[in-house]
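Here is a short briefing to read with the structure open beside you. Take it one topic at a time and look up each residue as you go.

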Amino acid sequence: MRKPNFIVILADDLGYGDLGCDGGKVIRTPHLDRMAAEGVRLTDFYASANVCTPSRAGLLTGQYAIRNGLAHEVIQPADTTGLPPEALTIPKALGEDYASALIGKWHLGHVAPHWPPMVYGFDRFYGLPYSHDMKPLALYDSATSPMTESKADFAKLTEWFFAQTIAFAEQNQDKPFFVLLALTAPHIPLKPNPDDLTGSPGGAYGEVVEEIDLNVGRLLDRLKALGLDEDTMVVFTSDNGPWFEGSSGPFRDRKGGSAWDGGFRVPFIARQPGTLPAGTVSNALASNLDLLPTLAAMAGAPAVEDRELDGADLSAVLKAGAASPHEEIVLFDNAKVAAVRTPRWKYVARSYYRTYDIPLDGYPLLFDMDIDPGESYSVARNFPDAAADMRARLERARAKYEPMADAFPPHVAPASAADHPD
(Lines give C-alpha, C1' and ligand atoms only; values in the text may rest on other atoms or scores of the structure.)
Protein backbone atom coordinates (compact mmCIF):
# COMPACT_ATOMS: atom_id res chain seq x y z
CA MET A 1 0.00 0.00 0.00
CA ARG A 2 1.31 3.43 -0.96
CA LYS A 3 2.34 5.74 1.87
CA PRO A 4 0.49 9.07 1.84
CA ASN A 5 1.95 12.26 0.47
CA PHE A 6 1.78 15.40 2.60
CA ILE A 7 1.64 19.04 1.53
CA VAL A 8 1.49 21.51 4.43
CA ILE A 9 0.60 25.02 3.26
CA LEU A 10 1.71 27.54 5.87
CA ALA A 11 0.43 31.08 5.35
CA ASP A 12 2.37 33.92 6.97
CA ASP A 13 0.37 36.20 9.32
CA LEU A 14 -3.03 35.01 8.07
CA GLY A 15 -5.85 35.61 10.55
CA TYR A 16 -8.46 33.13 11.72
CA GLY A 17 -11.20 35.46 10.48
CA ASP A 18 -9.79 35.83 6.97
CA LEU A 19 -11.34 32.60 5.61
CA GLY A 20 -14.98 32.24 4.73
CA CYS A 21 -15.18 28.78 6.28
CA ASP A 22 -14.08 30.29 9.62
CA GLY A 23 -16.64 33.09 9.48
CA GLY A 24 -14.85 35.69 7.39
CA LYS A 25 -17.16 38.06 5.51
CA VAL A 26 -14.83 40.33 3.51
CA ILE A 27 -12.22 38.22 1.73
CA ARG A 28 -13.44 35.60 -0.75
CA THR A 29 -11.90 32.15 -0.28
CA PRO A 30 -14.07 29.71 -2.26
CA HIS A 31 -11.32 27.14 -2.86
CA LEU A 32 -10.28 26.98 0.79
CA ASP A 33 -13.94 26.84 1.76
CA ARG A 34 -14.38 23.91 -0.63
CA MET A 35 -11.27 22.28 0.80
CA ALA A 36 -12.86 22.53 4.25
CA ALA A 37 -16.16 21.14 2.94
CA GLU A 38 -14.27 18.18 1.47
CA GLY A 39 -12.12 17.61 4.54
CA VAL A 40 -11.69 18.38 8.23
CA ARG A 41 -11.67 21.82 9.83
CA LEU A 42 -10.38 22.34 13.37
CA THR A 43 -11.81 25.37 15.17
CA ASP A 44 -9.47 25.31 18.20
CA PHE A 45 -6.11 24.94 16.49
CA TYR A 46 -3.16 26.92 17.88
CA ALA A 47 0.15 28.04 16.48
CA SER A 48 2.86 27.17 19.00
CA ALA A 49 3.97 30.81 19.21
CA ASN A 50 2.55 34.23 18.42
CA VAL A 51 5.41 35.22 16.09
CA CYS A 52 7.22 33.61 13.20
CA THR A 53 10.48 31.90 14.14
CA PRO A 54 9.32 30.07 17.29
CA SER A 55 6.08 29.01 15.63
CA ARG A 56 7.93 27.51 12.66
CA ALA A 57 10.38 25.79 14.97
CA GLY A 58 7.46 24.22 16.80
CA LEU A 59 5.72 23.08 13.63
CA LEU A 60 8.82 21.48 12.19
CA THR A 61 10.01 19.72 15.38
CA GLY A 62 6.89 18.94 17.41
CA GLN A 63 8.54 20.72 20.34
CA TYR A 64 8.00 24.13 21.86
CA ALA A 65 10.69 26.47 20.54
CA ILE A 66 12.08 27.00 24.04
CA ARG A 67 13.52 23.47 23.87
CA ASN A 68 15.60 24.48 20.85
CA GLY A 69 16.71 27.97 21.88
CA LEU A 70 14.36 29.85 19.56
CA ALA A 71 11.64 31.10 21.88
CA HIS A 72 12.76 34.74 22.03
CA GLU A 73 11.48 37.03 19.25
CA VAL A 74 12.45 36.19 15.64
CA ILE A 75 15.77 35.68 13.92
CA GLN A 76 17.13 38.89 12.37
CA PRO A 77 19.51 39.18 9.39
CA ALA A 78 22.51 39.88 11.67
CA ASP A 79 21.84 36.90 13.95
CA THR A 80 23.85 33.70 13.85
CA THR A 81 21.46 31.50 15.82
CA GLY A 82 19.17 28.88 14.38
CA LEU A 83 17.49 25.55 14.85
CA PRO A 84 20.02 23.05 16.28
CA PRO A 85 21.23 20.78 13.46
CA GLU A 86 20.50 17.72 15.60
CA ALA A 87 16.82 18.67 15.92
CA LEU A 88 14.32 16.05 14.78
CA THR A 89 12.24 17.53 11.97
CA ILE A 90 9.29 16.29 9.96
CA PRO A 91 11.43 15.15 6.99
CA LYS A 92 13.81 13.33 9.33
CA ALA A 93 10.89 11.67 11.12
CA LEU A 94 9.32 10.56 7.83
CA GLY A 95 12.59 8.93 6.80
CA GLU A 96 14.34 8.14 3.55
CA ASP A 97 11.22 6.75 1.90
CA TYR A 98 10.04 10.33 1.52
CA ALA A 99 11.23 13.01 -0.86
CA SER A 100 11.01 16.27 1.08
CA ALA A 101 11.02 19.90 0.01
CA LEU A 102 10.84 23.27 1.71
CA ILE A 103 9.31 25.75 -0.69
CA GLY A 104 9.09 29.33 0.57
CA LYS A 105 10.20 31.01 3.78
CA TRP A 106 12.69 29.33 6.14
CA HIS A 107 13.49 31.76 9.01
CA LEU A 108 15.15 29.16 11.24
CA GLY A 109 18.77 30.21 10.67
CA HIS A 110 20.68 31.49 7.65
CA VAL A 111 24.29 31.03 8.82
CA ALA A 112 26.07 27.66 9.12
CA PRO A 113 25.55 25.25 10.84
CA HIS A 114 21.86 26.22 10.63
CA TRP A 115 21.89 26.72 6.87
CA PRO A 116 20.84 25.57 4.34
CA PRO A 117 17.54 23.79 5.11
CA MET A 118 18.93 20.57 3.65
CA VAL A 119 20.78 20.22 6.98
CA TYR A 120 17.39 19.30 8.45
CA GLY A 121 16.43 16.53 6.06
CA PHE A 122 14.99 18.45 3.12
CA ASP A 123 16.06 17.23 -0.30
CA ARG A 124 15.03 20.45 -2.02
CA PHE A 125 14.88 24.12 -1.07
CA TYR A 126 13.45 26.97 -3.07
CA GLY A 127 12.77 30.14 -1.17
CA LEU A 128 13.87 32.87 1.19
CA PRO A 129 16.13 32.72 4.25
CA TYR A 130 13.77 34.87 6.36
CA SER A 131 10.89 37.35 6.07
CA HIS A 132 10.72 39.39 2.89
CA ASP A 133 10.70 42.67 4.82
CA MET A 134 14.31 41.97 5.88
CA LYS A 135 17.52 42.83 4.02
CA PRO A 136 19.76 41.69 2.42
CA LEU A 137 17.40 39.31 0.68
CA ALA A 138 17.90 36.73 -2.05
CA LEU A 139 15.81 33.91 -3.48
CA TYR A 140 17.70 30.61 -3.16
CA ASP A 141 17.30 27.54 -5.35
CA SER A 142 18.98 24.23 -4.54
CA ALA A 143 18.19 22.67 -7.92
CA THR A 144 21.88 23.08 -8.72
CA SER A 145 24.98 22.79 -6.54
CA PRO A 146 25.98 25.25 -5.23
CA MET A 147 22.62 26.90 -4.65
CA THR A 148 21.81 29.77 -6.96
CA GLU A 149 20.73 33.20 -5.75
CA SER A 150 18.43 35.56 -7.57
CA LYS A 151 16.27 38.59 -6.89
CA ALA A 152 12.92 37.99 -5.22
CA ASP A 153 9.98 39.52 -7.10
CA PHE A 154 7.55 40.04 -4.22
CA ALA A 155 4.49 40.16 -6.46
CA LYS A 156 5.28 36.74 -7.94
CA LEU A 157 6.40 34.80 -4.85
CA THR A 158 3.07 33.08 -4.16
CA GLU A 159 2.77 32.04 -7.82
CA TRP A 160 6.35 30.77 -7.89
CA PHE A 161 6.08 28.87 -4.63
CA PHE A 162 2.93 27.03 -5.71
CA ALA A 163 4.48 26.30 -9.13
CA GLN A 164 7.57 24.79 -7.47
CA THR A 165 5.34 22.69 -5.20
CA ILE A 166 3.39 21.33 -8.17
CA ALA A 167 6.66 20.62 -10.00
CA PHE A 168 7.98 18.70 -6.99
CA ALA A 169 4.79 16.64 -6.84
CA GLU A 170 5.09 15.87 -10.55
CA GLN A 171 8.74 14.86 -10.19
CA ASN A 172 7.99 12.57 -7.23
CA GLN A 173 4.56 11.25 -8.14
CA ASP A 174 5.80 7.65 -8.07
CA LYS A 175 7.09 7.84 -4.47
CA PRO A 176 5.82 9.41 -1.25
CA PHE A 177 6.70 13.07 -0.76
CA PHE A 178 6.40 15.83 1.83
CA VAL A 179 6.33 19.54 1.03
CA LEU A 180 6.30 22.37 3.53
CA LEU A 181 4.94 25.19 1.37
CA ALA A 182 5.79 28.16 3.59
CA LEU A 183 4.25 31.20 1.94
CA THR A 184 5.37 34.77 2.48
CA ALA A 185 1.82 36.09 2.12
CA PRO A 186 -0.02 37.89 3.61
CA HIS A 187 2.97 39.19 5.62
CA ILE A 188 3.94 42.75 4.67
CA PRO A 189 5.05 44.17 2.28
CA LEU A 190 1.85 43.43 0.37
CA LYS A 191 2.47 43.17 -3.38
CA PRO A 192 -0.55 41.78 -5.27
CA ASN A 193 0.28 39.72 -8.34
CA PRO A 194 -0.80 41.71 -11.43
CA ASP A 195 -1.58 38.43 -13.20
CA ASP A 196 -4.03 37.26 -10.51
CA LEU A 197 -5.91 40.38 -9.47
CA THR A 198 -9.39 39.63 -8.16
CA GLY A 199 -10.69 43.07 -7.20
CA SER A 200 -10.88 41.98 -3.59
CA PRO A 201 -13.00 44.11 -1.26
CA GLY A 202 -10.22 43.49 1.28
CA GLY A 203 -7.77 45.77 -0.51
CA ALA A 204 -4.17 44.72 -1.07
CA TYR A 205 -4.32 42.30 1.87
CA GLY A 206 -7.45 40.74 0.42
CA GLU A 207 -5.80 40.47 -2.99
CA VAL A 208 -2.87 38.44 -1.70
CA VAL A 209 -5.15 36.17 0.36
CA GLU A 210 -7.45 35.61 -2.61
CA GLU A 211 -4.37 34.78 -4.71
CA ILE A 212 -3.44 32.13 -2.14
CA ASP A 213 -6.97 30.77 -2.44
CA LEU A 214 -6.78 30.66 -6.25
CA ASN A 215 -3.52 28.73 -6.08
CA VAL A 216 -4.89 26.27 -3.53
CA GLY A 217 -7.60 25.50 -6.08
CA ARG A 218 -5.02 25.05 -8.83
CA LEU A 219 -2.92 22.77 -6.63
CA LEU A 220 -5.87 20.53 -5.75
CA ASP A 221 -6.89 20.36 -9.41
CA ARG A 222 -3.36 19.40 -10.45
CA LEU A 223 -3.13 16.68 -7.80
CA LYS A 224 -6.37 15.24 -9.13
CA ALA A 225 -5.10 15.36 -12.72
CA LEU A 226 -1.96 13.51 -11.62
CA GLY A 227 -4.02 10.82 -9.92
CA LEU A 228 -2.63 11.89 -6.52
CA ASP A 229 -5.78 13.37 -5.01
CA GLU A 230 -6.61 10.44 -2.74
CA ASP A 231 -2.95 9.76 -1.97
CA THR A 232 -2.19 13.26 -0.70
CA MET A 233 -3.16 14.95 2.54
CA VAL A 234 -3.14 18.70 2.04
CA VAL A 235 -3.06 20.83 5.19
CA PHE A 236 -3.66 24.57 5.34
CA THR A 237 -2.81 26.71 8.35
CA SER A 238 -0.98 29.89 9.42
CA ASP A 239 2.14 30.56 11.48
CA ASN A 240 0.37 33.01 13.81
CA GLY A 241 -2.42 35.57 13.85
CA PRO A 242 -2.68 38.67 11.65
CA TRP A 243 -0.36 41.65 12.04
CA PHE A 244 -1.39 45.15 10.87
CA GLU A 245 -4.20 43.98 8.62
CA GLY A 246 -6.36 40.90 8.54
CA SER A 247 -8.96 39.57 10.93
CA SER A 248 -8.47 37.52 14.08
CA GLY A 249 -12.19 36.74 13.95
CA PRO A 250 -13.90 36.73 17.34
CA PHE A 251 -10.61 36.44 19.21
CA ARG A 252 -8.72 39.04 21.21
CA ASP A 253 -5.56 40.81 19.97
CA ARG A 254 -3.24 39.94 17.08
CA LYS A 255 0.21 38.63 16.15
CA GLY A 256 2.67 39.04 19.00
CA GLY A 257 -0.12 39.86 21.43
CA SER A 258 1.11 38.10 24.54
CA ALA A 259 -1.33 35.44 25.75
CA TRP A 260 -4.48 36.30 23.82
CA ASP A 261 -6.01 33.92 21.29
CA GLY A 262 -5.90 36.38 18.39
CA GLY A 263 -2.15 35.85 18.14
CA PHE A 264 -2.29 32.05 18.39
CA ARG A 265 -5.63 30.71 17.12
CA VAL A 266 -5.24 30.06 13.39
CA PRO A 267 -7.12 28.30 10.60
CA PHE A 268 -6.60 24.57 10.13
CA ILE A 269 -7.96 22.53 7.24
CA ALA A 270 -6.89 19.00 6.27
CA ARG A 271 -8.14 17.24 3.15
CA GLN A 272 -7.51 13.74 1.80
CA PRO A 273 -10.49 12.21 -0.02
CA GLY A 274 -11.14 8.63 1.00
CA THR A 275 -9.08 8.94 4.17
CA LEU A 276 -10.43 12.01 5.98
CA PRO A 277 -14.21 12.38 6.27
CA ALA A 278 -15.65 15.28 4.31
CA GLY A 279 -17.41 18.13 6.05
CA THR A 280 -16.04 17.40 9.52
CA VAL A 281 -15.75 20.26 11.99
CA SER A 282 -14.04 19.56 15.32
CA ASN A 283 -13.32 21.70 18.37
CA ALA A 284 -10.64 19.29 19.59
CA LEU A 285 -7.69 21.18 21.08
CA ALA A 286 -4.75 20.97 18.70
CA SER A 287 -1.51 22.71 17.83
CA ASN A 288 1.00 22.94 15.02
CA LEU A 289 3.24 20.91 17.34
CA ASP A 290 1.00 17.98 16.42
CA LEU A 291 1.98 17.90 12.77
CA LEU A 292 5.21 15.93 13.23
CA PRO A 293 3.73 13.08 15.28
CA THR A 294 0.57 13.05 13.15
CA LEU A 295 2.30 12.85 9.79
CA ALA A 296 4.79 10.30 11.11
CA ALA A 297 1.96 8.10 12.41
CA MET A 298 0.01 8.36 9.15
CA ALA A 299 3.18 7.42 7.23
CA GLY A 300 3.80 4.40 9.46
CA ALA A 301 7.11 5.83 10.66
CA PRO A 302 8.57 4.62 13.97
CA ALA A 303 7.40 6.42 17.09
CA VAL A 304 9.82 9.02 18.44
CA GLU A 305 11.51 7.59 21.53
CA ASP A 306 14.80 9.46 21.87
CA ARG A 307 13.29 12.79 22.96
CA GLU A 308 10.12 14.25 24.44
CA LEU A 309 7.67 15.77 22.01
CA ASP A 310 5.15 18.39 23.03
CA GLY A 311 2.88 17.55 20.12
CA ALA A 312 0.57 14.55 19.88
CA ASP A 313 -0.81 12.33 17.13
CA LEU A 314 -4.04 13.82 15.73
CA SER A 315 -4.74 11.07 13.21
CA ALA A 316 -7.73 9.73 15.19
CA VAL A 317 -9.11 13.27 15.47
CA LEU A 318 -8.80 13.78 11.73
CA LYS A 319 -9.95 10.33 10.62
CA ALA A 320 -12.62 9.48 13.17
CA GLY A 321 -13.57 12.63 15.05
CA ALA A 322 -11.91 11.43 18.24
CA ALA A 323 -11.39 13.64 21.26
CA SER A 324 -8.23 15.71 21.51
CA PRO A 325 -5.13 13.92 22.81
CA HIS A 326 -4.35 17.11 24.76
CA GLU A 327 -5.59 17.97 28.23
CA GLU A 328 -4.04 21.40 27.84
CA ILE A 329 -2.19 23.71 25.46
CA VAL A 330 0.56 25.97 26.81
CA LEU A 331 0.95 29.41 25.22
CA PHE A 332 4.28 31.25 25.38
CA ASP A 333 5.16 34.89 24.96
CA ASN A 334 8.86 34.73 24.14
CA ALA A 335 10.36 32.47 26.82
CA LYS A 336 7.62 33.08 29.38
CA VAL A 337 4.57 30.88 29.86
CA ALA A 338 1.76 33.34 29.23
CA ALA A 339 -1.38 31.20 29.35
CA VAL A 340 -2.80 27.70 29.56
CA ARG A 341 -5.82 26.51 27.60
CA THR A 342 -7.96 23.45 28.38
CA PRO A 343 -11.11 22.47 26.47
CA ARG A 344 -13.28 24.81 28.54
CA TRP A 345 -10.94 27.20 30.32
CA LYS A 346 -8.18 29.66 29.49
CA TYR A 347 -5.95 31.08 32.22
CA VAL A 348 -4.00 34.20 31.23
CA ALA A 349 -0.88 35.24 33.14
CA ARG A 350 0.74 37.91 30.94
CA SER A 351 -0.33 40.84 28.79
CA TYR A 352 1.00 44.05 27.27
CA TYR A 353 0.10 47.64 28.03
CA ARG A 354 1.92 50.33 26.07
CA THR A 355 5.61 49.50 26.53
CA TYR A 356 5.06 47.14 29.46
CA ASP A 357 5.07 43.36 29.48
CA ILE A 358 2.86 42.83 32.49
CA PRO A 359 2.77 39.69 34.63
CA LEU A 360 -0.74 39.17 35.98
CA ASP A 361 0.05 36.86 38.87
CA GLY A 362 -1.82 39.10 41.30
CA TYR A 363 -4.79 39.54 39.00
CA PRO A 364 -6.09 36.11 37.99
CA LEU A 365 -7.81 36.00 34.62
CA LEU A 366 -9.91 32.90 33.97
CA PHE A 367 -12.03 32.77 30.84
CA ASP A 368 -14.82 30.34 29.98
CA MET A 369 -14.04 29.73 26.32
CA ASP A 370 -17.39 28.04 25.74
CA ILE A 371 -19.31 31.29 26.28
CA ASP A 372 -16.57 33.94 25.98
CA PRO A 373 -14.08 33.04 23.23
CA GLY A 374 -13.16 36.70 23.00
CA GLU A 375 -11.64 36.58 26.51
CA SER A 376 -13.54 39.63 27.71
CA TYR A 377 -14.74 38.62 31.17
CA SER A 378 -12.75 36.81 33.84
CA VAL A 379 -14.84 34.35 35.85
CA ALA A 380 -12.15 33.48 38.40
CA ARG A 381 -14.46 34.66 41.18
CA ASN A 382 -17.33 32.50 39.93
CA PHE A 383 -15.25 29.33 39.56
CA PRO A 384 -12.53 29.35 42.24
CA ASP A 385 -11.81 25.62 41.92
CA ALA A 386 -11.29 25.94 38.17
CA ALA A 387 -9.10 28.99 38.71
CA ALA A 388 -6.97 27.09 41.24
CA ASP A 389 -6.61 24.12 38.90
CA MET A 390 -5.61 26.33 35.97
CA ARG A 391 -3.17 28.25 38.14
CA ALA A 392 -1.55 24.96 39.15
CA ARG A 393 -1.29 23.93 35.50
CA LEU A 394 0.38 27.25 34.72
CA GLU A 395 2.90 26.89 37.52
CA ARG A 396 3.77 23.35 36.43
CA ALA A 397 4.34 24.60 32.89
CA ARG A 398 6.54 27.43 34.14
CA ALA A 399 8.62 25.05 36.25
CA LYS A 400 9.03 22.63 33.37
CA TYR A 401 9.74 24.93 30.46
CA GLU A 402 11.09 28.31 31.51
CA PRO A 403 14.46 26.98 32.81
CA MET A 404 15.10 25.52 29.35
CA ALA A 405 15.79 29.03 28.04
CA ASP A 406 18.99 29.18 30.11
CA ALA A 407 20.59 26.39 28.08
CA PHE A 408 20.98 28.56 24.97
CA PRO A 409 22.88 31.79 24.24
CA PRO A 410 20.99 34.90 23.14
CA HIS A 411 21.01 35.97 19.48
CA VAL A 412 24.57 36.90 18.50
CA ALA A 413 25.55 39.13 15.60
CA PRO A 414 28.23 37.81 13.22
CA ALA A 415 31.79 39.01 13.65
CA SER A 416 31.96 40.42 10.16
CA ALA A 417 29.86 40.94 7.08
CA ALA A 418 31.58 37.95 5.51
CA ASP A 419 29.76 35.69 7.96
CA HIS A 420 26.40 36.73 6.54
CA PRO A 421 25.04 35.76 3.11
CA ASP A 422 24.74 38.65 0.69
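Predicted model: local features only at pLDDT ≥ 70, side-chain atom pairs only at ≥ 80, totals over all residues.

**Helix pairs around α5**

- Helices (H or I, at least four residues) and strands (E, at least two) are DSSP runs, numbered from the N terminus.
- Helix α1 (residues 30–37) packs on α5 at an angle of about 50 degrees, with the axes 7 Å apart; axes are lines fitted to C-alpha atoms, for helices over the stretch in contact, and angles run from 0 to 180 degrees between N-to-C directions.
- On the α1 side, Pro 30, His 31, Leu 32, Arg 34 and Met 35 make the contact (heavy atoms within 4.5 Å), and α5 supplies Asp 213, Leu 214, Val 216, Gly 217, Leu 220 and Asp 221.
- Helix α4 (residues 157–171) also packs on α5 (residues 203–225), at about 15 degrees and with the axes 10 Å apart.
- α4 and α5 are therefore roughly parallel to each other.
- Among the residues in this contact are Phe 162 and Ile 166 of α4, along with Ile 212 and Leu 219 of α5.

**The enclosed helix α2**

- Ten of the ten residues of α2 are buried, so the rest of the structure largely encloses this helix; buried means under 20% relative accessible area, exposed over 50%, partly exposed in between (1.4 Å probe, protein chains only).
- The buried residues of α2 pack against β1 (5–11), α3 (90–94), β4, β8 (177–182) and α6 (291–298).
- Ser 55 lies in α2 (residues 52–61) and counts as buried at 1% relative accessibility.
- Leaving aside residues up to four places away in sequence, Ser 55 touches Ala 47, Ser 48, Ala 49, Asp 239 and Asn 288.
- Just after α2, Gly 62 has a positive phi of about 75 degrees.

**Strand β5 and its partners**

- Five of the five residues of β5 (residues 124–128) are buried, leaving the strand mostly covered.
- β5 runs parallel to β4 (residues 99–105), joined by five bridges; two strands pair if DSSP finds at least two bridges between them.
- Within that pairing, Leu 102 has Phe 125 of β5 as its bridge partner.
- β6 (residues 139–141) pairs with β5 in the antiparallel sense over two bridges, and Gly 127 stands opposite Tyr 140 in β6.

**The four-stranded sheet**

- An open sheet of four strands runs in the order β13-β14-β15-β18, with antiparallel pairing.
- β13 (329–333) and β18 (365–368) are at the edges with a single partner strand each, so one side of each has no neighbour in the sheet.
- From one strand to the next, the twist averages 25 degrees.
- Helix α8 (residues 384–401) packs on this sheet and touches β13, β14, β15 and β18, its direction making about 140 degrees with that of β14.
- Three bridges link β14 (residues 336–341) and β15 (residues 345–348) in the antiparallel sense, with Arg 341 opposite Lys 346 in β15.

Terms used: Residues numbered from 1 in each chain as written. Heavy atoms only, no water. Parallel < 35°, antiparallel > 145°, perpendicular 65-115°, else oblique.
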